[in-house]
Amino acid sequence: MIQVSDDEFDQICQQAYESIPERFSRHIENVAFLVEDQPSWQHLERLEDGASIQSPCNPQGSKLLLGLYSGVALPNRGESYGLCNTPDTITLFKEPHLEVSQSVDDLRERVRRTMVHEIGHYFGMDEDQLRDMGYGSA
């Protein structure tokens, strides 16, 4: 487990977002990107089978929630979607990322992968599609 300040983690998250190719990022609208220390019990209720990871810091492969997309994926939006201005959210969880990261470089890569994974859900991709693209649960 490594340690970084909240400001450092926020900067890593910002860099991860900025690394998204423009051909994708230009289509991201009305999404709030959030950082929280830990997932709440409500977040954990949404944890799917594919979200388990295994690492030296997590040898049993217990379920850790690194990120979460909440909203209506682009392909599922109907005509009435625009009537509600509540943004979708992508939340990255700091402590689980720190728990499984071996170095700051490892943390950067895990945050980037989590960001891409959750943005994939925004675009309507499911766990199997993300795994096939190499962005399965980190």
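Which residues lie nearest the centre of the second largest pocket? I opened the model, which is a predicted one, and looked this up to start my notes.

**Entry 1: the pocket.** I found Pro21, Phe24, Val116, Met133 and Tyr135 nearest the centre of the second largest pocket, whose lining has 13 residues. I noted a volume of about 260 Å³ for this pocket. I then sorted its lining by type and got 10 nonpolar residues, 2 polar and 1 charged. Helix H5, residues 104–122, gives the largest share of that lining, with 4 residues.

**Entry 2: a helix pair.** Since H5 had come up, I looked at how it packs. Two packed helices are described by the angle between their axes and the distance between the axes. For H1 (residues 6–18) and H5, I wrote down an angle of about 50 degrees and axes 9 Å apart. H1 and H5 are therefore oblique to each other. Their crossing is right-handed.

**Entry 3: who touches whom.** On the H1 side, I listed Phe9, Ile12, Cys13, Gln15, Ala16 and Tyr17 as making the contact. On the H5 side, I listed Val104, Leu107, Arg108, Val111, Arg112, Met115 and Ile119. By type, the residues of this H1–H5 contact are 10 nonpolar, 1 polar and 2 charged.

Technical notes
Residues are numbered from 1 along each chain as its sequence is written. This is a predicted model: local features need pLDDT of at least 70, side-chain atom pairs count only at pLDDT 80 or more; totals for chains, interfaces and linings use all residues. Side-chain values use heavy atoms; hydrogens and water are left out. On a 1 Å grid over the protein atoms alone, a cavity is a set of points where a 1.4 Å probe fits but cannot get out, and a pocket is an open set with protein on both sides within 12 Å along at least five of seven lines; lining residues have an atom within 4 Å of a point. Grid points are joined across faces, edges and corners, and a volume is the space filled by probe spheres set on the points. Helices (H or I, at least four residues) and strands (E, at least two) are DSSP runs, numbered from the N terminus. Ala, Val, Leu, Ile, Met, Phe, Trp, Tyr, Cys and Pro count as nonpolar, Asp, Glu, Lys and Arg as charged, and the others, Gly among them, as polar. Axes are lines fitted to C-alpha atoms, for helices over the stretch in contact, and angles run from 0 to 180 degrees between N-to-C directions. Angles under 35 degrees count as roughly parallel, over 145 as roughly antiparallel, 65 to 115 as roughly perpendicular and the rest as oblique. A crossing is left-handed if the near helix is turned anticlockwise from the far one by less than a right angle, and right-handed if clockwise. Contact means heavy atoms within 4.5 Å.
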